[in-house]
Amino acid sequence: MKIKLFLKKLDFGLEKKEISEIRKRANYFVEMIKKSISRNGIDADVFVGGSFAKGTITKNQEYDIDIFVRFGWKYESLSDILEGLLRDVGKSMKISIFRMHGSRDYFRFDAGDRISFEIIPVVRIKKVREARNVTDLSYFHVNYVKRNLNKNIAREINLVKKFCKARRVYGAESYINGFSGYGLECLIIYYKSFEKMIRELVKIKERIVIDPAKHYKKKENVFYEMNESKLNGPIILVDPTWKERNVLAALNWESFMKFQSDCKRFLKNPSGKFFEFESIDEKKILEFAKSKKAEFVHVILETNRQEGDIAGTKLKKFAQFLEREISKYFEVLSKEFSYSLGRKADFYIVAKSKREIIRIGPPKEMKKGASEFRKKNKNVFEKNGILHAKVRVDFSTREFLEKFSREEKKKINEMSITNLSVKT
């Protein structure tokens, strides 16, 4: 009862005035695209999609509004055709519209007042099986959510979206691997409330199947009919609009376990702080490091790749690679990766020296390799015919990273990283 009363006090929906202003801007931009379509004789229509169209948009510092341009089946190079249409719109409105790379390129422009528009090209399809790209399903997703939406469900969706954004597990992007907006909408429609949803999900220890539309008579049939690559995460959420798609395919165990941990803490002690996005607190990380007699290092990474999902993914992959390299000599007690657009990311590490490690070399019969191994290592010994060496870890994490950045420039560049530096 305590949680129910607490949650009733929270409201993360937009006020009518805000919704009206966004709708006014969106409608104007839609009309401009429609005029460009008509002038160029293209078979296409335009609709506003995403959370705004569904009625599930959540109060935030910035708003991304999705606009979909649905092209007739005969068209192939959708992004290129849309770029031509938007070039006309950009000139008319005197705005810059940027092409963003993705599974199918889309476009973005900043409308000011914390509002941005993303224009996505899709194919006009009648059946989900006709989809060439997952974005082609957007029209079906909007209609599914709207059919199952009421005031209470919309409110619960706002709660879970706000919670997941604040806990850094919102977004299907590869550098987050969290819950997609549509995924959370489907979960709330299924569980009916935020509280019921988190109480059920914290119990999960092994992979589960959730099939809201009951596409499968037996849930185990999912494993035979769905693409195996989409079945590795903690939750297989069968898309109510298409039985062969896992809505939460991007969610990985790391993000899910973080979500579970935060849910448990919230259920134990409900607080509005769980719904507030907080910057990473370096002082707290430093205090943790001191309590463990470990070292805290703040690494700054930069890339030359396009900001957004591409840059974020490159930076996250390199941070994971860097962690693996560090863990050869140090025990990583804590880590935090932080990226918010741009081409730069922060990687925070708390590590403790292993003091000594065992380096495995070649078999002793490999004369040349064995000789080189002995030259490079001092305390060499043999075990089961294989050479080993005791290596003292007499350097700090900072020193290791500084040496790594100097000596592994080629590898760093190959991974599209333009700068690796340790903050002093």
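Guide: Helices (H or I, at least four residues) and strands (E, at least two) are DSSP runs, numbered from the N terminus. By that rule the protein chain holds 15 helices and 15 strands. The model is predicted, so that local features need pLDDT of at least 70 and side-chain atom pairs count only at pLDDT 80 or more, while totals for chains, interfaces and linings use all residues. Residues are numbered from 1 along each chain as its sequence is written, and side-chain values use heavy atoms, with hydrogens and water left out.

Visitor: Where does D113 lie, and what is said of its phi?

Guide: D113 belongs to the loop between β4 (106–112) and β5. Its phi is positive, at about 55 degrees, although D113 is not a glycine. R114 is placed in the loop between β4 and β5 as well, and its phi, near 70 degrees, is again a positive value in a residue other than glycine.

Visitor: Why is D113 counted as exposed?

Guide: The classes rest on relative accessible area: buried is under 20%, exposed is over 50%, and partly exposed is in between (1.4 Å probe, protein chains only). D113 has 59% relative accessibility and therefore counts as exposed. R114, with a relative accessible area of 45%, is therefore partly exposed.

Visitor: What makes I115 buried?

Guide: I115 has a relative accessible area of 4%, and therefore it is buried. This residue is found in strand β5 (residues 115–123). Contact means heavy atoms within 4.5 Å. Leaving aside neighbours within four places in sequence, I115 is in contact with I22, R25, Y63, I65 and D110.

Visitor: Which residues does E206 touch, not counting residues up to four places away in sequence?

Guide: E206, in the loop between α8 and β6 (208–210), touches P234 and W253 on that count. The C-alpha atoms of E206 and P234 are separated by 6.6 Å, although the two residues are 28 apart along the chain.

Visitor: Why are α5 and α7 called roughly parallel?

Guide: Their axes come within 11 Å and cross at roughly 30 degrees. Axes are lines fitted to C-alpha atoms, for helices over the stretch in contact, and angles run from 0 to 180 degrees between N-to-C directions. Angles under 35 degrees count as roughly parallel, over 145 as roughly antiparallel, 65 to 115 as roughly perpendicular and the rest as oblique. α5 and α7 are therefore roughly parallel to each other.

Visitor: Which residues make the contact, and how do they divide?

Guide: α5 contributes H141, Y144 and V145, and α7 contributes Y182, E185, C186 and I189. The division is 5 nonpolar, 1 polar and 1 charged; Ala, Val, Leu, Ile, Met, Phe, Trp, Tyr, Cys and Pro count as nonpolar, Asp, Glu, Lys and Arg as charged, and the others, Gly among them, as polar.

Visitor: Which residues of α5 are buried, and what covers them?

Guide: S138, F140, H141, V142, Y144 and V145 are buried in α5. The cover includes α3 (50–54), β2 (63–71), α7, β7 and β8.

Visitor: What makes a set of residues a nonpolar core, and which members of the largest one touch the most others?

Guide: A nonpolar core is a set of buried Ala, Val, Leu, Ile, Met, Phe, Trp, Tyr and Cys residues joined through side-chain atoms within 4.5 Å. The largest such core has 41 residues, and F179, L187, F194, I235, F259, F266 and F275 touch the most other members. Elements giving two or more residues to this core include α1 (2–8), α5 (138–147), α6 (151–166) and α7 (181–191). With 7 residues, α7 gives the most.

Visitor: What does L187 touch, not counting residues up to four places away in sequence?

Guide: L187 touches F179, K192, M197, L201, I210, L237 and L248. A second, separate core of 35 residues includes I33, A44, L86 and F109. In soluble globular proteins, nonpolar side chains tend to be buried together.

Visitor: How many residues are in the protein chain, and what percentage is buried?

Guide: Of the 424 residues in the protein chain, 47% are buried. Among contacts with a separation of 6 or more, 66% are between residues 24 or more positions apart.
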